[in-house]
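Student: I have a model open and would like to learn how to read it. Could we go through it one feature at a time?

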Amino acid sequence: MGKDPAKGDLKGIGASAGVAIGQAYLVDRSRVKVVYQYLLDENQLEPEKDRFKAAVDKAEVQLHQIIEEIPVEIQDHAGILDAHRLILRDRMIYDQTLENIQTEQINAEWALKKAVEKAEEIFSKIKDEYIRNRIKDVADVSERILRNLTGTEVEKLSDIQGQVIVVAHDLSPADTTQMRLNNVLGFVTDMGGKTSHTAIIAQSLEIPAVVGLEHITQEVRSGDLIIVDGSDGRVVLNPDPETLAFFQQKKKKYVEYRTKMDQESHLPAETLDGIPIKTRANIEFLEEISAVLAHGAEGIGLFRTEFLYLSQKELPSEQTLFENFRQVARIMAPHPVTIRTLDIGGDKFASHLDLAEEMNPALGLRAIRFCLKEVDIFKRQLRAILRASSEGNLKILFPMISGIDEVFQTKTILKEVKEDLEREGIPFDRQIPIGIMIEIPSAVAMADMLAKEVDFFSIGTNDLIQYALAIDRVNEHVAHMYQPLHPAILRLIRQTIEAGHRAGIPVAMCGEMAGEPLYIPILLGLGLDELSMNPISIPRVKRIIRMTSYKAAKEFSDQVFALNTTEEINEYVRREMVQWFADSFKSDGTMLY
Ligand code: PEP
Ligand code: MG
């Protein structure tokens with residue numbers, strides 16, 4: 001990532017697709033650079049704690065003001081700032097800073113810095129990229145407190161005039177929500193990755209963004225003409241007329257493509273020869289529902305409930321869980337919502353659950369194994385799901401099933417919970433469908449038997465690939481071997497679908513593979529009934545489905561099954577797909593836009 005002087009071109013991470021051309025507006029958002037450190041006398045400790053508390057109080061008032069002034073287009077993102085208000089008083093930051101002042105006899109700035117470093121260390125161990133990156137929120141909040149402690153003022157972003165491309169070292173959610181976003185043509189930042197808030201907000205507003213450029217703030221001056229190509233992660237400064245013309249054309253084509261896709265995203269996903277494919281969304285939080293609706297999802301195919309347990313200090317109460325599930329059920333009705341029971345452990349852990357350190361957490365006490373051991377926690381969640389089931393169209397999905405005994409045990413517990421509710425006269429859907437994730441190879445081997453015990457299957461390719469190929473899904477050293485089109489994976493998927501269909505139950509897929517446009521015709525050809533994915537992927541996937549006939553997809557997947565090696569398959573699929581959908585893919589098989 002650096003400057004190519006020949007082209008005045010910089011490469012970063014494309015965080016939100018599309019092309020923007022306009023004048024740069026450079027935001028000075030450098031962090032407080034120097035944090036003074038000094039030791040205190042005993043009698044200075046209480047006043048120092050009060051000084052810290054006052055800085056936190058001030059930050060709370062500031063955030064409150066920003067929330068009050070949020071423009072309507074991004075009201076949905078007020079949740080991020082509410083989360084920031086909670087972080088202000090979080091044990092990890094608030095209590096820890098006060099404790100550091102007391103025990104180490106140090107000033108508030110230093111004590112806060114230490115608390116943040118400790119939090120960073122804890123977060124860095126989290127394998128889920130999204131959650132790990134939420135340490136950014138902690139950093140933003142502590143930066144605000146630090147500014148209040150040091151009396152450093154910040155520039156007001158609500159003052160931006162005219163339509164500009166915002167260039168910044170980094171942007172916090174408070175920064176982005178303060179901007180009048182119809183004045184922002186694009187975002188460009190030194191910091192950030194695909195799951196940073198700048199990226200998330202830019203995506204939901206469909207504003208082109210390139211992040212992770214490292215030094216862009218040192219290269220750009222306010223007023224420079226700048227091109228942001230969020231699809232390719234490129235930024236061009238002061239382009240020559242030829243380059244400008246090229247990107248104007250690219251922008252026009254992108255807008256045409258996007259308009260068409262958005263218009264179509266609310267049409268049902270049906271193949272050219274009339275086979276309907278349920279196209280649903282994966283979510284972790286209630287806040288994602290607006291994106292789910294906006295992108296034309298026909299329900300929720302995977303609600304990863306563990307995030308309700310990870311985001312707070314205590315175990316959520318039955319009532320909290322119930323309210324969450326009921327809200328999703330009501331909003332999505334009559335579409336179904338598949339609630340997956342707690343998949344904690346592995347790379348997702350919660351400190352209050354007191355999970356033992358394990359040598360191989362992915363192979364350890366995770367998901368259904370944890371729930372079958374901690375039956376009270378499991379029952380509390382099942383009660384909440386069942387209670388909510390009377391107010392919408394809910395299904396229950398059990399993760400990490402490795403064999404039939406776990407299904408029997410799980411069904412026994414579910415039956416006990418149902419009987420309790422029955423006795424208490426609490427209404428619930430007696431016919432609530434139950435399904436299992438097929439994500440362990442042993443479950444594929446047992447699929448014919450398992451299919452007789454449940455109402456549906458959902459294939460979790462993220463784990464299935466990990467366990468079948470013995471490739472840790474979060475280890476970058478073996479990431480190149482994590483191959484969804486490995487012939488063994490395709491065979492496991494086919495075997496699962498065939499077993500499900502022989503028993504007359506539908507088969508869904510909710511791993512990342514289901515949201516990858518390149519793989520869609522193969523998955524259709526194999527006969528999947530439902531695809532569930534990140535909401536943003538839905539319009540693209542639906543479009544591919546509508547442009548494919550089941551018959552052609554079947555022939556295509558037969559061709560793929562005749563090939564031996566992953567490399568041959570990858571190459572064949574890329575070549576055919578680029579030809580088949582010339583308006584969607586680049587020659588390397590990535591999406592054109
Ligand atoms: C999967 O394993 O494919 C899946 C969808 O579940 P998770 O990514 O939450 O493990
Ligand atoms: Mg999984």
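Student: What should I know about the model and its numbering?

Tutor: The model is predicted: local features need pLDDT of at least 70 and side-chain atom pairs count only at pLDDT 80 or more, while totals for chains, interfaces and linings use all residues. Residues are numbered from 1 along each chain as its sequence is written, chains are lettered from A and ligands numbered from 1 in the order in which they are written, and side-chain values use heavy atoms, with hydrogens and water left out.

Student: In which sense do S14 and S15 pair, and over how many bridges?

Tutor: Parallel, over 4 bridges. On to strand S16 (residues 507-509): S15 pairs with S16 in the parallel sense too, over 3 bridges, and there Phe457 has Val507 as its bridge partner.

Student: In what order do the strands of the barrel come?

Tutor: 8 strands close into the barrel, S10-S11-S12-S13-S14-S15-S16-S17, with parallel pairing. Neighbouring strands are turned against each other by 25° on average, direction ignored.

Student: Which residues cover the two faces of S15?

Tutor: The general idea is that side chains in a regular strand alternate between the two faces of the sheet. In S15 (residues 456-459), Phe456 and Ser458 lie on one side, Phe457 and Ile459 on the other, and all are buried. Buried means under 20% relative accessible area, exposed over 50%, and partly exposed in between (1.4 Å probe, protein chains only).

Student: Why does Ala111 count as buried?

Tutor: Because its relative accessibility is 0%. Ala111 is found in helix H4 (residues 108-124) and touches Thr97, Asn100, Ile101 and Ile106, leaving out residues up to four places away in sequence. Contact here means heavy atoms within 4.5 Å.

Student: Which residues coordinate the magnesium ion?

Tutor: Donors are N, O and S atoms within 2.8 Å of the metal (3.2 Å for Na, K and Ca), and water is not among the atoms, so sites may look incomplete. For the magnesium ion (ligand 2), they come from Glu439 (OE) and Asp463 (OD), at 2.0 to 2.1 Å. The pair links distant parts of the chain, 24 residues apart: Glu439 is in the loop between S14 (434-438) and helix H17 (441-445), Asp463 in helix H19 (residues 461-469). Both Glu439 and Asp463 are buried.

Student: How do I read two packed helices?

Tutor: Two packed helices are described by the angle between their axes and the distance between the axes. Axes are lines fitted to C-alpha atoms, for helices over the stretch in contact, and angles run from 0 to 180 degrees between N-to-C directions. Helices H2 (residues 78-88) and H6 (residues 135-150) pack at about 65°, with axes 9 Å apart. Ile80, His84, Ile87 and Leu88 of H2 make the contact with Asp137, Val138, Asp140, Val141 and Ile145 of H6.

Student: At what angle do H13 and H15 cross?

Tutor: Roughly 35°, and the axes of H13 (residues 318-332) and H15 (residues 375-388) come within 8 Å.

How values were computed: Two strands pair if DSSP finds at least two bridges between them.
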